[in-house]
Amino acid sequence: MGKVTGFLEIDRQDRKYKPAADRIRHYSEFLIPLSEEATRDQAARCMNCGIPYCHNGCPVNNQIPDWNDLVYRGNWEEAARNLHSTNNFPEFTGRVCPAPCEASCTLNLEDSPVTIKTIECAIVDRGWENGWIRPEPPLRKSDKKVAVVGGGPAGMAAAQQLARAGHEVHLFERNAKAGGLLRYGIPDFKMEKALIDRRVAQMEAEGVVFHYGVNIGVDCSAAKIVADHDATILTGGAEKPRDLAVPGRELAGVHFAMEFLPQQNRRVSRENFGTEEPILAAGKHVVVIGGGDTGSDCIGTSIRQGALSVMQLEIMPKPPELEDKLTTWPYWPLKLRTSSSHQEGADRDFAVMTKEIIGDNGAVKAIRCVRVDSKMKEIPGSEFDLRADLVLLAMGFVSPVHEGMLQELGVALDARGNVIADTLGYQTSAEKVFVAGDMRRGQSLVVWAIREGRQSARAVDLFLTGASELPR
């Protein structure tokens, strides 16, 4: 490394947020980037470990020490090339990935990991600003035609890799625009959608043909798509939400998070959401059930809409504020995580189970809760009610949607309802049909979706041509 003693001389410094009082008035991103000099100093903290565990922590296997060194030396263009050699969309991961690489950093043993995610974002943003990121059309075309069903990060990564390999690629997306949960689930204040549009334009210039508003298995026969293409990759995600089976679930004002969040994203982008009844938090007491990132996104969106109060409930016990490093490192630790949305005015409560949703004239008015112990057993006498005008269910996703495409194709499913395929061939039980991303592995991270999209593209290229120069 260029600065061998950097980790001893330079303290960790990360991006900061704009003040909460200002940022809750809009839906724009509010992270304040580090200066070029500060980013260079942070890159200098990389230790040149004998075994860089950050490689293990990163699902796409980013060559983190390499581009840290390039940033330290001021060679940003080469850093951008290196970064893109393993990750098609680092501006996505540099904004919404939880950074398991930083958890695996050797310096995390002292709670001061290298700011890998911040440096990654700085590299790709500078790459776009300086025109280093351009379309990469293939030098030669094959005679093969591939369908990608699902326009989220897995589908986009697969489509881009296959187009660059010379195949004719058609991407089919049910919604009006590509991006999947990045566009319709992640709020704009975490990632503005112009970033996706920019990548779509790049992919179109590389030869990818996007077909929007096409729900395969509903609007169009899945069998016909498979028949018309030499290979088909299913990248439709895990969209079936976990429901809450309690009395009162049917009351007005109780919604899945993925009914609430996409509406606001469509408002911001001025995209029509049809005849759906508007779901708004303005002037309401909001209860979010589910303590993960989706719940956090519901909090930030509710606050921006003008909620009177927001409470987030989690059935699991409150995690420790600090993990036992010698027990967990270099793996992802269980610890209390406070998001920017939590800091904007929400309350949280842990080890709480919802027993009943109470209504008046068909609309939710309160929820009845009980506290539970570490074994999820109810604690006698701990019942309490919470006022609620809007209840948002953010308890994760259980599987892909089986109705329609998957049932028509008859692909084999595992015990959890995901499509069965291994991580070498990515082939389903159906001929010429492959699968990648959350549809195969279950609910996961954007960075895992990109990895599986890339790897499935290589598997398809190998299937079609007998050889592949695409990386795994």
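**Figure 1. Buried residues in the predicted model.** Of the 472 residues in the protein, 53% are buried (under 20% relative accessible area; exposed is over 50% and partly exposed in between, with a 1.4 Å probe and protein chains only). This is a predicted model, in which local features need pLDDT of at least 70, side-chain atom pairs count only at pLDDT 80 or more, and totals for chains, interfaces and linings use all residues. Residues are numbered from 1 along each chain as its sequence is written, and side-chain values use heavy atoms, leaving out hydrogens and water.

**Figure 2. Helices, strands and overall size.** Look for 19 helices and 17 strands in the protein (DSSP runs numbered from the N terminus: H or I of at least four residues for helices, E of at least two for strands). The radius of gyration is 23 Å, close to the 23 Å from the globule rule for 472 residues, so the protein is as compact as a globular protein of that length (taken over C-alpha atoms; the rule is 2.2 Å times the number of residues to the power 0.38). Along the principal axes, the C-alpha atoms fill a box of roughly 65 × 60 × 40 Å.

**Figure 3. A close-up of serine 296.** You can find serine 296 in helix H15, which covers residues 293-305. Serine 296 counts as buried because its relative accessibility is 5%. Setting aside residues up to four places away in sequence, serine 296 touches Gln312, Ser339, Ser341 and His342 (a contact means heavy atoms within 4.5 Å).

**Figure 4. Serine 296 and glutamate 239.** These two residues are 57 residues apart in sequence. In space, serine 296 and glutamate 239 are 18 Å apart, C-alpha to C-alpha.
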